[in-house]
Amino acid sequence: MPNHSQTHLNPRSPLVLDTRELPRRPGAMRTVSRVAPAPADLGLELIGVPEGADLVLELRMESVSEGVLVSGSVTGPVTGECGRCLRPISDSVAVTIQELYAYEHSATDETTDEDEVGRLQGDLIDLEPVLRDAVVLALPTNPLCRDDCPGLCTECGMPWDELPADHSHQQVDPRWAALTQLSRKEE
Ligand SMILES: [Zn+2]
Ligand SMILES: [Zn+2]
């Protein structure tokens, strides 16, 4: 039998919730408002929350018969790179979380897998896995600086947004140019 009570969570870690103040009586509720530094690698290859940036947690913990239901929102800044023009992006991400954490040795604990339903570890809840999943899901796999970003000029590799409107690499042969002029006059 796995020993769930062996906890390795640090109750003072900002992404760990301590339920000791929450009575184990269905309906009891506590709110948690805090700012936590973002853990490393919170995001995708091109975009994510910078490590140590402020994550604003507005959560509530609610006692239910088999455990604690955690719900609420987490918001934080994101930085990244536009997938088309490679220029830096700064934005923000807001996710909502709703997750049940079962008490150790509750019926839910005994009858479900840990990847189906979260677990309390003693009185503590590790928020990081759920937070990580929610943030990663909310981020675009192909981030853009704006929806209609025109990307890069394929000839010189400069972002179109930083080039003049008449930017062109077309080598106009002067003889053709003269002919064009002539035909225009004839019209
Ligand atoms: Zn762009
Ligand atoms: Zn160019």
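This is a predicted model: local features need pLDDT of at least 70, side-chain atom pairs count only at pLDDT 80 or more; totals for chains, interfaces and linings use all residues.

Reader: Which strand does β2 pair with, and in what sense?

Author: β2 pairs with β5 in the antiparallel sense, over nine bridges. If you want a spot to check on screen, take P37, whose bridge partner in β5 is D54.

Reader: Let me zoom out for a moment. What pattern does the chain follow along the sequence?

Author: Go from one end to the other and you read β-β-β-β-β-β-β-α-β-β-α-α. That comes to three helices and nine strands.

Reader: And how much of the chain is buried?

Author: Of the 187 residues, 18% count as buried. As for contacts, take those between residues at least 6 apart in sequence: 59% of them join residues at least 24 apart.

Reader: Where should I look for the largest nonpolar core, and which residues have the most contacts inside it?

Author: The general idea first: in soluble globular proteins, nonpolar side chains tend to be buried together. Here, the largest nonpolar core has 22 residues, and V49, V68, V70, Y101, L120 and I125 have the most contacts inside it. The elements giving two or more residues to this core are β4 (47-49), β5 (54-64), β6, β7 and α2 (128-138). β6 gives the most, with four residues.

Reader: Pick one of those core residues for me. What is V70 in contact with, leaving aside its neighbours within four places in sequence?

Author: V70 is in contact with L17, L59, M61, I97, E99, Y101 and I125. One of these, E99, is also the bridge partner of V70 in β7.

Reader: So how do β6 and β7 pair, and over how many bridges?

Author: They pair in the antiparallel sense over 15 bridges, with β6 covering residues 67-81 and β7 residues 88-102. The two form a hairpin with six residues between them. Look at L86 in the turn, too: its phi is positive, about 65 degrees.

Reader: Does β7 run parallel or antiparallel to strand β8?

Author: Parallel this time: two bridges join β7 to β8 (residues 118-119). To find the place, look for Y101, which stands opposite G118 in β8. You've already met Y101 as one of the residues with the most contacts inside the largest nonpolar core, and in the list of contacts of V70.

Technical notes: Residues are numbered from 1 along each chain as its sequence is written. Chains are lettered from A and ligands numbered from 1 in the order in which they are written. Two strands pair if DSSP finds at least two bridges between them. A nonpolar core is a set of buried Ala, Val, Leu, Ile, Met, Phe, Trp, Tyr and Cys residues joined through C-beta atoms within 7 Å. A residue is buried if 20 or more other C-beta atoms lie within 10 Å of its own, exposed if 12 or fewer, and partly exposed in between; C-beta atoms are placed from the backbone. Two residues are in contact if their C-beta atoms, placed from the backbone, lie within 7 Å.
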